[in-house]
Amino acid sequence: MVIVRRVKPLPYWIVPVLALVVGLLISMIILYVMSGGVITPYDILLSIYYGFTNVGLLAKTFALLVIVGIGLLVSFKGAIWNIGGEGQFYMGVMLAAWVALFSGFAFNGFIAKTMMILMALLAGGFWALLAALPRAYLNIDEVPVTLMMNYIAYYIVNYITIGEWREKQYGYYRTVTIPESTMFQVIDGTTITLELLILMITIFILVWLMFKYTSLGLRIKVLSSNPNLLRSSGISVQLTILMALLLSGMIIGMAGAAYLGSVSHNISYPVEEKTPGYGYTGILVAWLSMLELIAVPIAAYIIGALHTAGINIQIMGVGGAAVVNVFIGSILLTYAVLITISEYKIKIIVKKR
Amino acid sequence: MDVKTLTGVFIILLIIVGVAAFYAGMMYGGGQAQTAPGGTVTTTVTRTETKTVTAGGGGGQVWTPPETIKAAFVYVGPIGDFGWSYMHDVGRRVAETVYKDWLKTTYVESVTEDKLGETIDNLVSQGYSVIFTTSFEFMDKTIEKGEQYPNVLFFHCSGYKRRQNVGTYFADLYQVYYLNGLIAGALTKTENIGYVAGYTTPEVIRHINAFAIGAKEVGEQLGKDIKVHVIEIGAWFAPDKARSAAETLWKQYNVDVLAFTEDSTAILEYAQEITKGYEEGKYDHPLYVFSHYSPGYIYGPDAVVSGQIVRWELIYLDILAKIKAGIYTPYNLGNVDYWYLLNSGGVEFGAHIYKNGTVMHINPKFIQTLKSIMVTDKLTGKKISVYDLVMSRYEMFKNAPLLTPLQLTAVTHKYENIGKINIPPVNPSQPDPYSKIDIYISTYWDPFTGPLSGYVKDNPSQKVTIPEGQRLGHDDLWEMNWFVDWVVYHGAA
């Protein structure tokens, strides 16, 4: 058996679509077998249909995934593999929580919310920068560094949540709920908040403009295909790497602020178990979009719908809490397999003696 | 595979999935059409509400209970915990079986606080109009969602925040813990009693104190210097942590009787293991235990002495009946606050329920021992066995018929510690035999009656003293943040 690189790769859209379909089929089988026939494919299709058609329900997940997906896309475009979305996200959550709870800005909703987003942006950017500096100047692979930074971030947030910030009244391992004035404004009939929606649209437009019209956008794109070209045209490769990761972290950090203001309203220990996992799910969104900005919302919509479908299966009284992960996991796995198949083909050569 | 076959396979798959999804959708759409009357009700309600608001608010909102009531239960742990969530689910199933004509229920298990919001969003979008959230930390989120969905009735278990469409309910075990404590005080030989606490919320502190008060009442008379060692594990459902906390108490603090607040059976199984080992001569002291929330005797027939059992179904049947009858609406739950004790039957003293429905109050294995230990009942001055003492206190707690109506609303809790009253005669010149009779409102006696002294949990140097004869009221119990002096709080594990 040999593995040969395809001369002509498969059409690029086929991989994400096929990954979705096959991934779902696999999850149906897994859930059917694991539940001993209780969760039928019919239940799952029903839930998926429900997930896809209830725009109001998936809006919140969708918007957060779009932001995180775009954030990751910025670095992925430059072939900088930022796996540290979770860490940057939670650094954003932490700083936003600080603004809402302890900074004293909470008296004015507008100032407080703006500060939450700004501080989260700085925090996320800073956290990404810690991985970007060794990548740019010492050429240390960013994948393990960003990944490990996630856990550092988790434990920092855990430490402060059960220590200094722990709510005193009942001694629960969490912070108190943020003041009403700092909660983002829910749009009636949906799960999304106004601020989150605005943030999502703004980020989308800004990143689109950046890739379309600015030299930074171009430099990041060239970085992935041919860093030597950058070097020969007198552009600092290090600076481009720094910028790609910094921007990525900043955008994801803002998603953290939006999550705190729109969804969680407090931080609850242990973070690594309570996390919605957008930093990781965002990777799937970015990949399913084939690193096309326009396709990010589509991918986020699909994943958001599957997320709703997962909760729905639970509500139907037939599934456990892990259904969502079965969906996401199967799709990601299928994607990884298919992306290999799309670039390489497996030939079985029978040797004749 | 080349490109063509791959595309072919993909298209076929797409068609299959598409067709299947289409049919699924059709069926689902049909389902929705059936529930359309429910939908109409909701719109009517919205309209009525708007009208009332323009008319200047106030009462008088009209709410018609739907034909079929769809009630959802959100649990903090898995229903398989055989503890808190399991017993809530028993309540749900009882209600659904009894009210099968008009009640449809569902449940969502293992919901953490941060997932509660989206779970409620999902439930509401599927037309569930009654939602029970069954964990203390769901309180703020439930209120928040109550504001977001003003036409849904929410009931939050164990909290104290309410609004017009969020009521609260709780079945409290402190009397039962006190009865368990009496037994613990008689059984302990090492004089060290243990308590594994999930968190130290006011509820758990109250239970620890009641347990400690009972233990001391008997232990003191037998010349024991009772200490109650408390370890907090920081989770409601954490079998591993619970087990290791029990192990620490047994090994390090020489504890031989244990009570706990955790939602699994891990401690019962551990205690069974130790007690069995003690009886085989392997260990120098046993670990007797009181089962929590569910009838846990079967998990430790040698170690479980007694325990606390809850009957959530009592509350669920009541709430759902009142919703169906139109008594509870999304506009009048602001003062709905159930607080059930032994008198109402919402909780029970025991470790096991036999197949015929009767309760085993005390494990038969321990009855002889308890009957042989003699103490003085401080209320009557008579010398009786511990067994008789426990049973007479149990009867006393059960027998408080006038207490039940006061336990249903937030505005009447303040009367719950009125001991007895005498009604004045209509005409003082004419003799009225009834005016001379003591009418008992609450139970004859309560464990939380002074003299008691303790210390504040978060600030041990701050002392608390309850003077002789003072009986704590509902709010004092509800906000309890202090331990009695002989409780040793070892902090979080």
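A polar contact here is a pair of N or O atoms within 3.5 Å; within protein, one atom must be able to donate a hydrogen and the other to accept it, and residues adjacent in sequence count only if both atoms are side-chain atoms. The model is predicted: local features need pLDDT of at least 70, side-chain atom pairs count only at pLDDT 80 or more, and totals for chains, interfaces and linings use all residues. Residues are numbered from 1 along each chain as its sequence is written, chains are lettered from A in the order in which they are written, and side-chain values use heavy atoms, with hydrogens and water left out.

**View 1. The surroundings of B:N165.** Look for B:N165 in the loop between β4 (153-157) and β5 of chain B; strands are DSSP runs of E, at least two residues, and helices are runs of H or I, at least four, numbered from the N terminus. A polar atom of the B:N165 side chain lies 3.1 Å from the backbone oxygen of B:Y149. The B:N165 side chain also makes a polar contact, at 2.7 Å, with the side chain of B:R163. B:N165 is buried, with a relative accessible area of 0% (buried means under 20%, with a 1.4 Å probe and protein chains only).

**View 2. Where the two domains of chain B meet.** Domain 1 covers 64-171 + 313-340, and domain 2 covers 174-310 + 345-400 + 477-492; these bounds come from an automatic or database domain assignment. Here 17 residues of domain 1 are in contact with 21 residues of domain 2, contact meaning heavy atoms within 4.5 Å. Together the domains bury about 1700 Å², 73% of it on carbon and sulfur atoms; buried area is the accessible area (1.4 Å probe) that two parts lose on being put together, summed over both. B:F82, B:M87 and B:W339 supply 35% of the area that domain 1 buries against domain 2, more than any other three residues.

**View 3. Chain B against chain A.** This contact takes 48 residues from chain B and 52 from chain A, and the area buried is about 4000 Å², of which carbon and sulfur atoms give 60%. Three salt bridges are found across the interface, a salt bridge being a side-chain nitrogen of Lys or Arg within 4 Å of a carboxyl oxygen of Asp or Glu. A:K60 forms a salt bridge with B:E118, the closest N and O atoms being 2.6 Å apart. On the side of chain B that touches chain A, α1 (3-34), β2 (103-108), α4 (113-125) and α5 (139-148) each give two or more residues. The largest share, 13 residues, comes from α1(B).

Terms used. Buried means under 20% relative accessible area, exposed over 50%, partly exposed in between (1.4 Å probe, protein chains only).
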